[in-house]
Amino acid sequence: AAFRQLTVLNREMRTLVANRRTEVFDELANDLGLPQNSSVLMRMVSTVQARKSRTGCRLDNEKIDEHANHFKGTFGMEPNGQTFSNIDLGRVEELAISVEEVEVAIKKLRLGRAPGIDGLTAEFYYYGGKSMGTVLKVIFSRFSEYCSIPDEWRMATVVPIYKKKGSDRDVQNYRPISLTCNCRRIYERVIRSKIDYLVPQLSNVQGGFRSQRSTLHQVF
């Protein structure tokens with residue numbers, strides 16, 4: 001009897017998943033049809049075309065260690081920041097996270113981008129509905145409570161992008177980009193919204209943590 005009940009529940013779940021998949025596809029298609037999302041649509045199309053034509057990275061796999069050392073030099077030295085063991089847990093209550101804050105952060109994700117090391121795209125969270133915000137709120141609250149994040153969030157997938165000049169077999173003609181987990185980006189946006197009041201205290205030469213601050217601003 002238990003097995004029969006489990007079979008029925010599995011069938012119902014598969015039906016719900018199939019229906020939701022269709023709904024998400026329709027929502028995605030409608031969103032991509034909006035004029036303001038034309039760039040996202042074209043980026044997705046070009047990505048698919050690049051995969052089919054295999055015009056991506058053409059570096060020699062046998063030299064992967066050599067390429068890795070090159071990109072390590074591009075990113076700079078290893079992090080040398082301090083790790084604090086005696087964190088004041090009295091400030092945890094000030095970082096209480098709400099479902100609404102999580103949903104706002106999710107809506108700010110840029111769609112059509114490659115995922116991080118966990119393989120979960122921005123669309124996974126964007127079209128997750130109300131349930132996604134509720135689940136992430138619980139998870140993020142635990143992170144704040146224990147002042148810790150998953151080890152997976154500390155890693156990034158480094159992807160070499162061809163500069164379209166010179167030989168595509170030379171690592172010097174590629175620039176690296178780091179793909180981090182989208183879930184981490186959502187969490188960072190939530191925490192960032194709570195410490196914006198500290199931004200005016202930053203030095204004028206500080207470029208990070210400032211909105212609308214480009215490389216050109218830093219040059220000036």
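Biologist: Which residues of helix α4 are buried?

Modeller: This is a predicted model, in which local features need pLDDT of at least 70 and side-chain atom pairs count only at pLDDT 80 or more, while totals for chains, interfaces and linings use all residues. Residues are numbered from 1 along each chain as its sequence is written, and side-chain values use heavy atoms, without hydrogens and water. In α4 (residues 99-107), the buried residues are V99, V102, A105 and I106. Buried means under 20% relative accessible area, exposed over 50%, and partly exposed in between (1.4 Å probe, protein chains only). Helices (H or I, at least four residues) and strands (E, at least two) are DSSP runs, numbered from the N terminus.

Biologist: Why do the buried residues of α4 line one face of the helix?

Modeller: Seen down the axis, they fall within an arc of 125 degrees, so they line one face of α4. The arc is taken from the directions from the helix axis to the C-beta atoms.

Biologist: And what do they pack against?

Modeller: The buried residues of α4 pack against α5 (122-126), α6 (129-146) and α7 (182-194), contact meaning heavy atoms within 4.5 Å.

Biologist: Turning to aromatics, how many pairs are there?

Modeller: The whole structure has nine aromatic pairs. Rings of Phe, Tyr and Trp (its six-membered ring) pair if their centres lie within 6.5 Å; planes under 30 degrees apart count as stacked, over 60 as edge-to-face and the rest as tilted. F140 and F143, with centres 6.2 Å apart and planes at 35 degrees, are a tilted pair. Both lie in α6, three residues apart. F140 is buried at 0% relative accessible area, and F143 is buried at 16%.

Biologist: What about W153 and Y187?

Modeller: Their ring centres are 5.8 Å apart and their planes are at 45 degrees, so that pair is tilted. W153 is in the loop between α6 and β1 (157-162), whereas Y187 is in α7, 34 residues apart. Ring pairs link F140, F143, W153 and Y187 into a cluster.

Biologist: Now the charges: which residue does K194 meet in a salt bridge?

Modeller: K194 meets E101, at 3.0 Å from N to O. A salt bridge is a side-chain nitrogen of Lys or Arg within 4 Å of a carboxyl oxygen of Asp or Glu. K194 lies in α7 and E101 in α4, so the pair ties together parts 93 residues apart in sequence.

Biologist: Is K194 buried or partly exposed?

Modeller: K194 counts as buried, at 18% relative accessibility, whereas E101 is partly exposed at 26%.
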